[in-house]
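Please read the numbered points with the sequence and the structure at hand.

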Amino acid sequence: MRTSKRSAALGGLISAAALLCCLLAFPLAASAASPWWQVVTGARPTNLWEPEDNLQEIDVEAGKFEGAAATAAKIVLGGKTLGCLGAEGAEEWSKKICSFYGFPLSETAAELEGALEPALGPEVEVSGGPATVEPFEVRVPETSAPKIGFVQEKFDPAPDFTAAGKFTTKVLAEGGSGRISIIATNIGDATMDSGKKTLTIVDQLPAGIEATGAEAIAGGNAPGVGPVSCEVKALGSLVSCTFKGQLAPFNSIEVEIPVKVTGEPSPQILSGEVVVSGGNAQPKAVEQSLRVSPDPTPFGIEYFSSRVEEEGGELATRAGGHPFQLTTALQFNSGRMKPSVDRNQRAVEQPAQPRNFRFPLPAGLTGVVASLPTCSLADFGREAKETTNSCPDEAAIGAASVSFFLAGAIGFARPAVPVFNLPPAVGEPARFGFTIANVPIVIDTEVDPDREYQVIATVRNASQVPEALGATLAIWGVPGDPRHDNSRGWGCVYNIGEPGTCQRPPGLGEDAFLRLPVSCTTPMSFGVEVEPWNVPFATQIAKAPFAGPAMSGCNQVSFAPEVTAAPTSRLAGSPSGLDFGLAMPNNGLLQKDAISEGQAKRVEVALPVGMTVNPSQAEGLVGCSSTDLARERFDSAPGEGCPEASKVGELKIQTPLLKEEARGSLYVATPFANPFGSLIALYMVAKIPERGVLIKQAGLVKADPSTGQLTTIFDNLPQIPFSTVKLNLRSGARSSLVTPPACGSYEVVARFTPWSAKDPNNPTQAEIVPRTSSFAIERGVGGGACPSGATPPFHPGLFAGTVNNAAKSYSPFNLRLTRNDGEQEFTNFSIKLPPGVIGKLAGIATCTEAQIAAATARTGPSGAQEEINNPSCPANSLVGRTLVGSGVGASLTYVPGTLYMAGPYHGAKLSVVAITPAKVGPFDLGTVVVRQALKVDPETAEVFVDATGSDPLPHIIQGIEVHLRDIRVYVDRPEFVLNPTNCDRTSTASTVLGSGLDFASAADNEPVTVTSPFQAADCSSLGFAPKLSLQLLGGTKRGATPRLKAVLTARKGDANIGKAQVTLPHSAFLEQSHIRTVCTRVQFNSGAGNGEGCPKGSIYGKAKAITPLLDEPLQGNVYLRSSNHELPDLVAALHSSKADINLVGRIDSLNGRIRNTFEGVPDAPVTKFILEMQGGQKGLIVNSTDICRGKHKAIAAFTGQNGKLHEFKPAVKARCGGGKKAKRGRARVR
Amino acid sequence: MRGRGHLKPKLLVAGLATLVIATSAAATVFQGGGLRITVLGQIQPFKLPRDHLAPVAVFISGHIATVHRSVPPQLQRMVIKVNRHGRLRPQGIPSCTIKQIQPGDTARALANCGDAIVGSGRFWATVVLPEQRPYPTRGRLLVFNGKRNGSPVLFAHIFTSQPFNSSFVITFRIRKIHEGFFATQLTADLPQALGSWGFVDRIKLTLRRKFTDHGRERSYFNASCPAPPGARLTVFPLARGSFYFADRPPITMDVVKGCAVKK
């Protein structure tokens, strides 16, 4: 490359350059600069195949000399004159000229063939002609041949002679199979000098490939660079070229060897070997790989390598070290060359021109650009001498040697140029560039958070004007290293013209730039991706990988992280954020001879036991999906990626690589749809928009299922060095965490696994670096005194009642149970509704066991959502709603649920099941089912939820402590809850079990009973006038023991009966001898209760009650049951499938008359009550007189629940006589 | 009911004489196994003829108690054997059936069978039902001469209004025996009459009935004094009572009384 002014553009090279971005190197023991070789081989075309004939057309136009016809020129081939071609005229000037040249005149095809045979062999065939009449066609079978040239020298006897005719040669076909290309570049920083020892390039061609010629140039044929002599040996199987002279850094020796594929070729890869030796550089041998294929050569990458090198060319492998340079070579697939004697006239038919380049660098290979000088874009673009630009030498960061073809004056060229550090554009961490023939090549960089934070160098929209063929680009590990002084900047490395002087810039620092990975497990992986211009964007990408070595010496990589961690609140059991800091020393990062400190691959941070997730934070929180995360870009605005509502903290990361600080947020990942498939995961997103840096890291949060202890794990952290990480988890009312429940000192334990571990995925205990940070909890909840450590206090609150308390009205019943922070957790509770507050079960279905089981089974990742979408229990079993508030602090997270009626449970005939789809914010904790036995006091009909027969309240769900603080129940099914008709002051009572000191142990549970006053209103407006009929059925004579039938009928709208007292007539004696047995209370309550265990002999009658509350009547036996009264009680044990009621009557006498008093009649509506006492041998009543004689009246006294009294004396009817008479004779006697 | 059964009144008289003597002595008491039975018997008049029967009145008081003041065991059967010097003489007294007096209160019993009455008194019992605090009951007691299945019996009609109006009858079956001093036996099964849950505590009874039969004054209860010749006073076994309780062996005790020979 001799031309001083070139206006070509290089696209391809760029690619190589890209690598630079951020790589590493090794601390180099200081040594002198030295030359060494990089050898790249290939072929044009890349796909070699059967040889073609060389075909050339020679056209001769007649000329004149001194007015007479004269046409003659030397035939020149390969630097040799072979004869003289022309056409004779009348004056025979042509012969004279040829004679002057020393050759006979050749005019015909045969004569020309004879002239060419010595050079092209006997196979050459020439047809056409004679000269000036028809063109000649020269054919050399299956062999490449040089272009036949013609030279017309000054004809000595004719001083005015300029030309005799015009001779033109067109190479119609080069011939042969193509050309082998060998480029040996001195990529060291010292001149290669072969003055004492001749440089030799020997190509031992692969078998099946035969060289038919060879030629080479050195240093682009720059002035003063010695020639390269080549010869074909061993019947074309070996080519040897020699060079004596000096070759400056990043200058190349380019060898071209015309070859033909011999024999019957088949598609294959053939291997030869190229050895470069001699001079003052170490010999270099490379494998020569040639592709034999009949296919047209496609766009692609013929050769790619990327090596991190030490001085002298050895691979740099010291983990955390700073290498001498990163050298990348790239050569594209080539088309067939059209040869010419003059390199400037040669051409090549490339398959396509490259457009965009990407060079992913190995993870962990980084560069520190913060302290490096830069070349301003203005200087970079300002042309200076000899097609250079105005960048200062101190901004040089490497050098490149670029092969390109520019049709016209330049043709093929491979100049060496400096590579400069440029100011990064907005959105880039670093930028580099170089210019070739005034064409700027800019290498942008980016960091790919999705690929282990690899640095990716890119060149976009490379120029097509110079056709890029290949390049070698070196980025220095320590740009200020004096060993690069011979190749720093235009004055040193550029060998065209006189671009300037070569001297070290004053004050140039020696900070390291490249840093090698700090992990020794994975070989370095390089790559290149290139897409061409001739196809639509992104439709064709050529790729090539290159594997480098793995690092070594990881045991010398120091690793000394420091952590600080403390909650934002020092109050026990209170909402709190967390301030977490991580500091990493980076002393060796910039010191060129030092080993950089290692980075953490994995950080596992365990919060102390007791510091748990605060459910309060879930309200309004959403999850960041993987799609959201994917939308995060370095320049995306808040909310464009992860929703702002998923943010739970802030993040600041300072890296020594850049001046800017990365800032970002911590987001909650969408549960179960995160990289871990876990309930809790975090996304750490930090950005430096102006540098295009985006850090995205997913972290797993594990919550111990029994203690709730939180452990956060960030794995596969980038090997990119950082100085500090500051993470602040949200504080305030909806803070992320809850502080431990007691005062004292606590430790946050961080365990680091360095990348430098022998196997970072399975580190030994010795390799794991633990760090702790202590903090103290100093006060109690709200700043009060520290918890004593004994059982916490427990003062639950209860608010309950119907919304509308009008007597005998249906109204929703609401209940709310609360507790304060710092108190014992709820474990269970019972609720006893006010007397008379009852539910109308008629028409209500129950949720079946199978349906409840189905709800309980919904524990999967979307269990709660499934329950929301498709409730397990039938709608007709729905009786209310729940709303559960959990968390600590001023703001709780409320989760709605539903309340269903269900069947028997834990000995109760009814139960209620609260089904709560535990979907709190983004967290789907499945469906929580709490079933509670619903009992009806058989003697008072008071409804109560029995804690002993109920499921415990959940304390911890999937590791998240629930911290239930507000339980609300809304029993709001229309016409379900009925108010009492008694307006006495009463209350709802709840016995709440506190968790004691240990939630897991029921032994220390602490029951506390709380009440909420209740009073129905307007009872006095209710009427009260029940009716009673009494009948004695059976014998009417004295001594007979008839059956007694009593029917009580209540008026609609009346107050319920509170007390019923009936005194039988004097005529009714107790038949004491018929008292067979009495049911003891123990017997009565045994078994299923309600008389099931009573002996048959204790049954004295039966009873039935009809109530609008149930679909079925309550009915059952009437027993004599032992009591605390003087006499046994008369108990009507009424049963239904949903409730049992015992109407307990106290038996006494009024002046010897049998009197029964139902004192505590439940405050429930009963439309009809029928009592039938047995007669005959089982009858307790004996007539002391003939009851058909006289009048026999009972005394009835009823008291309404509203206090109203209704007394009357109903006649006791009896069947007296028979037939019509009997009817008439029904006695009404006293 | 006049004069058929000749029940050897002199035997009864002897027994009654013994009771008479006992007026100056302590009541007969049995105590064992935590049970205490006290029987007090008395005959009037104290002086009785040696060799023929004379009308007497018999006062009987029985008390069953436990030393722990708990409910005594249930008395299920009483068997009373009367000295051969005492005689029951139902001949000439109207006989009553149980249907005439049961059920019914005292007034109704008297209205229906007043002619057959041979004694009266009071009755105390405790009704004990399972798991129930024992409750006391008491009432008037009337003793009627009666027959059942053609045999002479005594009906003890009890009416109580505490707690309820209720009445029942204890039937004493009477039969002759020849067991040493004793020639008449009265047997009563109490549970049948009192119900399964009744526990007799105490009975206080006066048996006395004089009537005129064919113009002659007669007495249902008659006795003579079995003093040996030459002696004015004597002591003799008036009666032997055997008490049968549930779940324990029967207890037998003699009531010994004295009498003086009426000249």
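1. In this predicted model, A:Leu1032 is in contact with A:Pro1042, A:Arg1043, A:Leu1044, A:Ile1187, A:Val1212 and A:Ala1214, its neighbours within four places in sequence being left aside. A:Leu1032 belongs to strand 69 of chain A, which covers residues 1027-1033.

2. Is A:Leu1032 buried or exposed? A:Leu1032 counts as buried because 28 other C-beta atoms lie within 10 Å, where 20 or more are required. As for its distance from another part of the chain, 53 Å separate the C-alpha atoms of A:Leu1032 and A:Ser872, two residues that are 160 residues apart along the chain.

3. The sheet with the strand order 54-55-65-58-59-60-61-62-56-67-68 in chain A deserves attention. It is an open sheet of eleven strands with antiparallel pairing. Its edges are formed by strand 54 (797-802) and strand 68 (1006-1014) of chain A, each of which pairs on one side only. On average, neighbouring strands of this sheet are turned by 25° against each other, direction ignored.

4. One pairing within that order may be followed in detail. Six bridges join strand 55 (residues 813-818) and strand 65 (residues 964-971) of chain A, in the antiparallel sense. Which residue of strand 65 of chain A stands opposite A:Arg816? The residue is A:Arg968. In general, the strands of a sheet pair through backbone hydrogen bonds, either parallel or antiparallel.

5. Helix 7 of chain A, residues 849-856, lies across strand 59 (893-902), strand 60 (910-920) and strand 61 (923-936) of chain A. Helix 7 runs at about 145° to strand 61 of chain A.

6. Chain A as a whole contains ten helices and 82 strands. The C-alpha trace of chain A spans about 185 × 70 × 45 Å along its principal axes. Its radius of gyration is 52 Å, whereas a compact globule of 1230 residues would have one near 33 Å.

7. Of the 1230 residues in chain A, 57% are buried. Among the contacts in chain A with a separation of 6 or more, 72% are between residues 24 or more positions apart.

8. The final point concerns the second chain. In the interface, 23 residues of chain A are in contact with 17 residues of chain B. On the chain B side, strand 12 (residues 166-179) gives the most, with three residues. By class, that side of chain B has eight nonpolar, seven polar and two charged residues.

Definitions and conventions. Residues are numbered from 1 along each chain as its sequence is written. Chains are lettered from A and ligands numbered from 1 in the order in which they are written. This is a predicted model: local features need pLDDT of at least 70, side-chain atom pairs count only at pLDDT 80 or more; totals for chains, interfaces and linings use all residues. Helices (H or I, at least four residues) and strands (E, at least two) are DSSP runs, numbered from the N terminus. The radius of gyration is taken over C-alpha atoms; the globule rule is 2.2 Å times the number of residues to the power 0.38. A residue is buried if 20 or more other C-beta atoms lie within 10 Å of its own, exposed if 12 or fewer, and partly exposed in between; C-beta atoms are placed from the backbone. Two residues are in contact if their C-beta atoms, placed from the backbone, lie within 7 Å. Ala, Val, Leu, Ile, Met, Phe, Trp, Tyr, Cys and Pro count as nonpolar, Asp, Glu, Lys and Arg as charged, and the others, Gly among them, as polar. Two strands pair if DSSP finds at least two bridges between them. Axes are lines fitted to C-alpha atoms, for helices over the stretch in contact, and angles run from 0 to 180 degrees between N-to-C directions.
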